[in-house]
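Student: I have a structure open and would like to go through it. Can you take my questions as they come?
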Amino acid sequence: FLFNNPTVNMPMENMVHNFGGTKKKSTLVDERVIFFPREDEGSPRQAILEQFCPAQLKSFRACMTANNYDENQCLESKGVLEGCSGSAFKEVNSAGAGNW
């Protein structure tokens, strides 16, 4: 019987590359590291953080600005913000659609 199998006519080297078994890199990959603010100021996520965790958010933003948006330099303030934001997002999510 006949069936459509894309690997039948594919050379082995292509199969290995398709499944990550080669160290060959694409020339389309941009390996630069660009630091930038993670979220827009007016996003819903930011609105939640501003209401429930204003001090923690302010501290984290100040750290990010001072360190050219390198999150690795702000792990302490990020951890504090994540602790507060976890309970904030649980509360908002449990409120139901349109209730917050």
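Tutor: Start with C74. At a relative accessibility of 1%, C74 counts as buried. Bear in mind that this is a predicted model.

Student: Ok, and which residue does a disulfide join to C74?

Tutor: C63. The S to S distance is 2.1 Å.

Student: Where do C63 and C74 sit?

Tutor: C63 is in helix α3, and C74 is in the loop between α3 and α4. The two are eleven residues apart, and the pair links distant parts of the chain.

Student: Is C63 buried or exposed?

Tutor: C63 has 18% relative accessibility, so it counts as buried, the cut-off being under 20%.

Student: What about the handedness of that link between C63 and C74?

Tutor: The torsion about the S-S bond is about -95 degrees, so the disulfide of C63 and C74 is left-handed.

Student: How many disulfides does the structure hold?

Tutor: Two. Besides the link of C63 and C74, there is a disulfide between C53 and C84, with the sulfur atoms 2.0 Å apart. The link of C53 and C84 is left-handed, with -95 degrees about the S-S bond.

Student: What does the pair C53 and C84 tie together?

Tutor: C53 lies in the loop between α2 (44–52) and α3, while C84 is in helix α4, so the pair ties together parts that are 31 residues apart in sequence. C53 is buried, at a relative accessible area of 0%. C84 is buried as well, at 15%.

Student: What pattern do the disulfides follow?

Tutor: Counting bonded cysteines along the chain, the pattern is 1-4, 2-3.

Student: Switching to helices. How do α3 and α4 pack?

Tutor: Two packed helices are described by the angle between their axes and the distance between the axes. Here α3 covers residues 54–66 and α4 covers residues 75–95. The angle is about 150 degrees, and the axes are 9 Å apart.

Student: So are they roughly parallel or roughly antiparallel?

Tutor: Roughly antiparallel, because angles over 145 degrees count as that. The crossing of α3 past α4 is left-handed.

Student: Which residues make the contact?

Tutor: From α3, they are Q56, L57, S59, F60 and C63. From α4, they are S77, K78, V80, L81 and C84. By class, the contact has six nonpolar, three polar and one charged residues.

Student: Pick one. What is S77 in contact with?

Tutor: Leaving aside neighbours within four places in sequence, S77 is in contact with S59, F60 and C63. S77 is found in helix α4 and is buried, with a relative accessible area of 11%.

Student: New topic: the loop between α3 and α4. What is the phi of N68, which lies there?

Tutor: The phi of N68 is near 55 degrees, a positive value in a residue other than glycine. Most residues other than glycine have a negative phi.

Student: And the phi of Y69?

Tutor: Near 60 degrees, again a positive value in a residue other than glycine. Y69 is found in the loop between α3 and α4 too.

Student: How exposed are N68 and Y69?

Tutor: N68 is exposed, with a relative accessible area of 56%. Y69 is partly exposed, with a relative accessible area of 30%.

Key: Residues numbered from 1 in each chain as written. Predicted model: local features only at pLDDT ≥ 70, side-chain atom pairs only at ≥ 80, totals over all residues. Heavy atoms only, no water. Axes fitted to C-alpha atoms, helices over the stretch in contact; angles between N-to-C directions. Helix = DSSP H or I, 4+ residues; strand = E, 2+ residues; numbered from the N terminus. Parallel < 35°, antiparallel > 145°, perpendicular 65-115°, else oblique. Left-handed = near helix turned anticlockwise from the far one by under 90°. Contact = heavy atoms within 4.5 Å. Nonpolar A, V, L, I, M, F, W, Y, C, P; charged D, E, K, R; others polar. Disulfide = S-S within 2.5 Å. Buried < 20%, exposed > 50% of the residue type's maximum accessible area, 1.4 Å probe, protein only.
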